[in-house]
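Let's take a friendly walk through a protein model. Have a look at the picture first, and then we will go from the whole chain down to single residues.

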Amino acid sequence: MTPDFKIIAAGVNITPQIKDRLLGLTITDEAGTKADTVEIVLDDRDGLIELPASGAPLLVFLGYRETGLIPMGLFTSDEVMVTSPPATLTIRAKAAELSGSIKDQKTRSWDKITLGDIVITIAGEHGLTPKVAERFGAVMVEHIDQTEESDISFLDRMAREHDALLSIKGGALLFMGKGEGRTVSGLPIPPRPVLERNAITWTLTLTTREAYKSVMAIWQDTMQAKRQEVAAGEGSPALKLRHIHKTEDEAKAAANAKLREITRGNDTFEASFPGDPLIAAEGRILTAGFRAGVNGLWSIKTATHTLDGGGFSTAISAERPGAD
């Protein structure tokens with residue numbers, strides 16, 4: 001098949017003007033709040049390419065001529081570099097959705113509110129559509145302070161406490177289970193198959209995981225004026241969290257989140273193979289035909305798509321998926 005691309009800059013399709021000048025196009029798709037990026041390297045042999053304005057919106061598509069192009073995201077140009085020799089022009093851009101007012105620092109408190117309503121409120125303040133996984137939506141937050149902290153940082157902190165993934169994609173503010181391969185509505189996302197015979201390179205790294213079988217969390221019981229413990233998982237050794245939670249529900253949520261985190265382990269799988277624009281961060285792949293220990297489900301942390309003189313390739317970094 002024939003690799004192909006399309007770039008729309010500020011509403012104008014500039015592909016015909018740059019198609020024979022493209023030296024490299026790299027899109028890095030990240031899980032969570034780390035901004036997705038695109039780098040476009042062009043042949044500037046005659047100096048006739050118009051320099052893009054700072055902040056220019058770039059809509060990028062990748063795929064194959066025979067099967068069609070897939071939108072890879074909307075980016076905002078934030079750096080242009082011209083070098084010589086050889087004469088090249090490099091455009092770097094970041095995901096447009098992780099900029100603007102959502103990075104402004106704020107100070108406020110949240111009291112007796114569900115996690116879902118916090119996400120809904122913040123999404124509304126920034127013109128985003130809130131999408132919260134069902135198991136997080138009803139989690140009650142008795143009190144939490146947001147002090148000189150941006151909304152995106154505050155929500156990311158909340159996500160880490162609940163072993164969730166926070167992201168902004170396609171105009172939506174997503175708060176969903178990490179590594180579970182599900183939509184926010186709870187439906188499973190079919191994994192993309194990856195066969196060993198198609199892999200260009202691959203590396204499996206096995207790291208000793210924490211041996212804890214359960215997690216203990218503490219909460220302050222104001223009715224009985226003493227501290228109580230809750231547990232997630234069974235057996236010993238048990239990991240005891242240091243933070244004192246305000247309610248039993250908060251303690252349970254923290255214990256369950258930590259248990260999911262430590263049972264995922266730190267095993268990683270990295271591979272590169274012919275370009276697949278449908279492979280995305282926080283999606284899943286299903287490996288087959290590899291040696292024992294590699295085959296099975298993996299959750300994608302980073303997907304890097306590259307189109308250059310060597311063709312179209314996709315590289316991924318993945319981890320063991322979380323429990324459904």
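## Surface and size

Accessible areas come from the Shrake-Rupley method with a 1.4 Å probe, and for residues only the protein chains shown count as cover. For the protein chain, the accessible surface is about 16,400 Å², and 53% of that belongs to carbon and sulfur atoms. The C-alpha atoms fill a box of roughly 80 × 50 × 35 Å along the principal axes.

Residues are numbered from 1 along each chain as its sequence is written, and side-chain values use heavy atoms, leaving out hydrogens and water.

The predictor's confidence in each residue, from 0 to 100, is called pLDDT. Its mean in the protein chain is 87, with 93% of the residues at 70 or more. Where pLDDT is low, the predicted coordinates should not be read in detail.

## Helices and strands

The protein chain has 5 helices and 21 strands. These are DSSP runs numbered from the N terminus: helices are H or I with at least four residues, and strands are E with at least two. Among these elements, strand E4 (residues 37-43) has the highest mean pLDDT (95) and helix H5 (residues 248-264) the lowest (80).

## Two buried residues

Of the 324 residues, 43% are buried (under 20% relative accessible area, with exposed over 50% and partly exposed in between; 1.4 Å probe, protein chains only). Which loop holds Asp267? Asp267 sits between H5 and strand E18 (268-274), and it counts as buried because its relative accessibility is 9%. Its side chain makes a polar contact with the side chain of Arg320 (3.5 Å). Such a contact is a pair of N or O atoms within 3.5 Å; within protein, one must be able to donate a hydrogen and the other to accept it, and residues adjacent in sequence count only if both atoms are side-chain atoms.

His245 belongs to strand E17 (residues 238-245) and is also buried, at 10% relative accessibility.

## Backbone details

Two peptide bonds to look for are cis: Pro85 to Pro86, with omega near -15°, and Ser236 to Pro237, with omega near 5°.

Lys112, in strand E8 (residues 105-114), has a positive phi of about 45° although it is not a glycine. Lys112 is exposed, with a relative accessible area of 63%.
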